Amino acid sequence: MANKRVLLAGGRVIDPLAGKVRIWDVLIENGKIVKLGKGLKAKQAQRIDCRRKHIAPGFIDMHCHLREPGHEDAETIATGTKAALAGGFTRVCPMPNTDPPVDSEAQVRFQLCRAEEAGFARVHPIGCCTRARAGKELAEIGAMKKAGAVAVSDDGAWIADPRVMRRVLDYSKAFDIPVISHCELAGLDYGVANEGLVSTRLGLRAGPDVSEAAAAARDILLAEFVGARIHIAHVSCATTVDIIRWAKARGIQVTAEASPHHFTLTDEALAGFDTNYKVNPPLRTEKDRQAVIRGLADGTIDAIATDHAPHTKSEKEVEFDNAPPGMIGFETAFGLGYEQLVLTGDMRLPDYINRMTVAPARILGLPVPRIEPGANAELVILDLKAQWTYTPEQVMSRSHNSPFFGRQFQGRVVGGFLGGEQFWLLHPA
Ligand SMILES: [Zn+2]
Ligand SMILES: [Zn+2]
């Protein structure tokens, strides 16, 4: 432990729970926050000037892909969690579509061990709903939860058989663990793009947005019937937002997430056939993008999740049709959200931070992150004025499949604290 006492002086402390920002000093001792207040004096403390900086709880990413085991050439738990920390995520939840998939207690334990060895962001694994994500027999839901899994999901695949989904919801209700649904109606898949004017113009094999909305509607109604919790992954279209809004008003236990690329980009980006824009669900229209932003602003969509999906160069450097979907997202998430949600005036800063911290913690049953005396010092320091350009050289992830290289960003994570250790990124305060 490098520093026993640290005083963060004069920063703007964001409280995403109360929705407030206050200028406060934060005194940290042995990894714990011991005091908050104005003009704090602390003898023998390392003083960090945080004037013109913001301080927020560490971000939680409830949806990412770390590729270990099975695809370590694209990412490992170590490289992925290091990239996560660089983006301000102190906790991440990898999806179980590894090889082999995380469908047993042993696999959950393996991920936790690997994360611990790496020592970067904390990992909370998500287990499969069904064995090998095949959509037939149930995975070891209870045993995985006991071992530390925080949710179950067959992400990448939708559970087509309603009897299987009903049983998954039954079990997850009994074990009090949320089910995360990748909504893509069987037989009506997305192809490689959103079905519409752009896909027609570009001649791309496409699938309609109703595929997502109809799948979400079925899962939400089944969850209501069973009395279980359902979480809709990567909401990408206006109709799905409407359905979730309706379901929440009806009292159904539904939550949802959106990914930065879906509230930043539209299918117009596919014009250059750059496979880094190919994601699942696909980028949609401006109307959908606006609906996702409205959903985030009014709380219909609870959380922001990256869906960080690393792929090697050789996997992505193929024809658009054959490239695997997904882009890396840890290191650009905060900047994209700040630009698209806060600088536009659509959301207040504390509410934006809420979608990255409090909301995912509540959905997953993790301790709600707080900056208050007695809490662990798990926080990030943000420079909202910082202008920066994203380049391949900065990337901590093992993969480089991002369409955002060369883009100007405003606002970045400059450092933080996790588990009693201080981490500094590109620009020490
Ligand atoms: Zn998915
Ligand atoms: Zn995913």
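This report describes the zinc site and the domain interface of a predicted model.

**Zinc site**

Three residues coordinate the zinc ion (ligand 1): D155 through OD, H182 through ND1 and H234 through NE2, at 2.0 to 2.1 Å. Their spacing along the sequence is D-x26-H-x51-H. D155 also bridges the zinc ion (ligand 1) and the zinc ion (ligand 2), and the two ions lie 3.5 Å apart. D155 is in the loop between β10 (151–153) and α4 (162–174), while H234 is in the loop between β14 (230–232) and α7 (238–249), so the pair ties together parts that are 79 residues apart in sequence. Both D155 and H234 are buried.

The domain assignment divides the chain into domain 1 (5–55 + 372–424) and domain 2 (58–364). The contact between them takes 37 residues from domain 1 and 49 residues from domain 2. Values for the pair of domains are listed below.

| Property of domain 1 and domain 2 | Value |
|---|---|
| Distance between C-alpha centres | 26 Å |
| Buried area | about 3300 Å² |
| Share of buried area from carbon and sulfur atoms | 64% |
| Salt bridges | two |
| Residue pairs in polar contact (both at pLDDT 80 or more) | 17 |

On the side of domain 1 that touches domain 2, the elements giving two or more residues are β1 (5–15), β2 (20–29), β17 (379–389) and β18 (408–418). Of these, β18 gives the most, with eight residues. By area, M396, R398 and N401 of domain 1 lose the most to domain 2, together 20% of what that side buries. The side chains of R91 and E378 form a salt bridge, with an N to O distance of 2.8 Å.

Methods
Residues are numbered from 1 along each chain as its sequence is written. Chains are lettered from A and ligands numbered from 1 in the order in which they are written. This is a predicted model: local features need pLDDT of at least 70, side-chain atom pairs count only at pLDDT 80 or more; totals for chains, interfaces and linings use all residues. Side-chain values use heavy atoms; hydrogens and water are left out. Donors are N, O and S atoms within 2.8 Å of the metal (3.2 Å for Na, K and Ca); water is not among the atoms, so sites may look incomplete. Helices (H or I, at least four residues) and strands (E, at least two) are DSSP runs, numbered from the N terminus. Buried means under 20% relative accessible area, exposed over 50%, partly exposed in between (1.4 Å probe, protein chains only). Domain bounds come from an automatic or database domain assignment. Contact means heavy atoms within 4.5 Å. Buried area is the accessible area (1.4 Å probe) that two parts lose on being put together, summed over both. A salt bridge is a side-chain nitrogen of Lys or Arg within 4 Å of a carboxyl oxygen of Asp or Glu. A polar contact is a pair of N or O atoms within 3.5 Å; within protein, one must be able to donate a hydrogen and the other to accept it, and residues adjacent in sequence count only if both atoms are side-chain atoms.
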